[in-house]
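Have your viewer ready, and follow the topics in any order you like.

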Amino acid sequence: MNSVKTPKYLTIAEASVYFGISQYMLRKGIRNGTIPSTTIGGTYYIDIAAYQEQLDEDVKSRLRK
């Protein structure tokens, strides 16, 4: 069976495609600290697992209301 592994980190451009969110919104979230990321050599990388967990929690909290 061929399984596709999700990478741990994606660039802003890659994460934009992966999550269907604009690069502008991702950059804004990185700047204000709401999107978990790291910088290597001037390039921002988004922690995919942490951000997905954050999005899942946000959806769950909205459904509880």
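Two strands count as paired if DSSP finds at least two bridges between them, while helices (H or I, at least four residues) and strands (E, at least two) are DSSP runs numbered from the N terminus. With that in hand, L10 has I46 in strand 3 as its bridge partner. Please keep in mind that this is a predicted model, in which local features need pLDDT of at least 70 and side-chain atom pairs count only at pLDDT 80 or more, whereas totals for chains, interfaces and linings use all residues. Residues are numbered from 1 along each chain as its sequence is written, and side-chain values use heavy atoms, with hydrogens and water left out.

**Strands and their pairing**

- Strand 1 (9–11) runs antiparallel to strand 3, and three bridges join the two.
- Strand 2 (residues 37–40) is also antiparallel to strand 3, joined to it by four bridges.
- In strand 3, I46 is the bridge partner of S37, and I46 is likewise the bridge partner of L10.
- Further along, I40 has T43 in strand 3 as its bridge partner.
- Strands 2 and 3 form a hairpin with two residues between them, and G41 in the turn has a positive phi of about 60°.
- T39 sits in strand 2 and is partly exposed because its relative accessibility is 43%; the cut-offs are under 20% relative accessible area for buried, over 50% for exposed and in between for partly exposed, with a 1.4 Å probe and protein chains only.
- T39 and I12 are 27 residues apart in sequence, and their C-alpha atoms are 11 Å apart in space.

**Helix 1 and its buried face**

- Helix 1 (residues 12–19) has I12, A15, S16 and F19 as its buried residues.
- Seen down the helix axis, these buried residues fall within an arc of 105°, so they line one face of helix 1; the arc is that of the directions from the helix axis to the C-beta atoms.
- The buried residues of helix 1 pack against strand 1, helix 2 (23–32), strand 3 and helix 3, where contact means heavy atoms within 4.5 Å.
- S16 lies in helix 1 and counts as buried because its relative accessibility is 14%.
- Leaving aside residues up to four places away in sequence, S16 touches I21, S22, Q23 and L26.
- G20 follows helix 1 and has a positive phi, near 75°.

- The structure holds two aromatic pairs; rings of Phe, Tyr and Trp (its six-membered ring) pair if their centres lie within 6.5 Å, and planes under 30 degrees apart count as stacked, over 60 as edge-to-face and the rest as tilted.
- Y18 and F19 form an edge-to-face pair because their ring planes meet at 85°, with the centres 4.9 Å apart.
- F19 and Y51 form an edge-to-face pair too, at 5.0 Å centre to centre and 80° between the planes.
- This second pair links distant parts of the chain, with F19 in helix 1 and Y51 in helix 3, 32 residues apart.

**D47 and the start of helix 3**

- D47 belongs to strand 3 (residues 43–47) and counts as buried because its relative accessibility is 12%.
- At the start of helix 3, a side-chain oxygen of D47 reaches to within 3.4 Å of the backbone nitrogen of A49.
- The side chain of D47 also makes a polar contact with the side chain of K8 (3.4 Å); a polar contact is a pair of N or O atoms within 3.5 Å, and within protein one must be able to donate a hydrogen and the other to accept it, while residues adjacent in sequence count only if both atoms are side-chain atoms.
- Not counting residues up to four places away in sequence, D47 touches K8, Y9, P36 and S37.
- Helix 3 (residues 48–64) has 17 residues and should span 24 Å at 1.5 Å a residue, which agrees with the 24 Å between its end C-alpha atoms; the expected span is 1.5 Å times one less than the number of residues.
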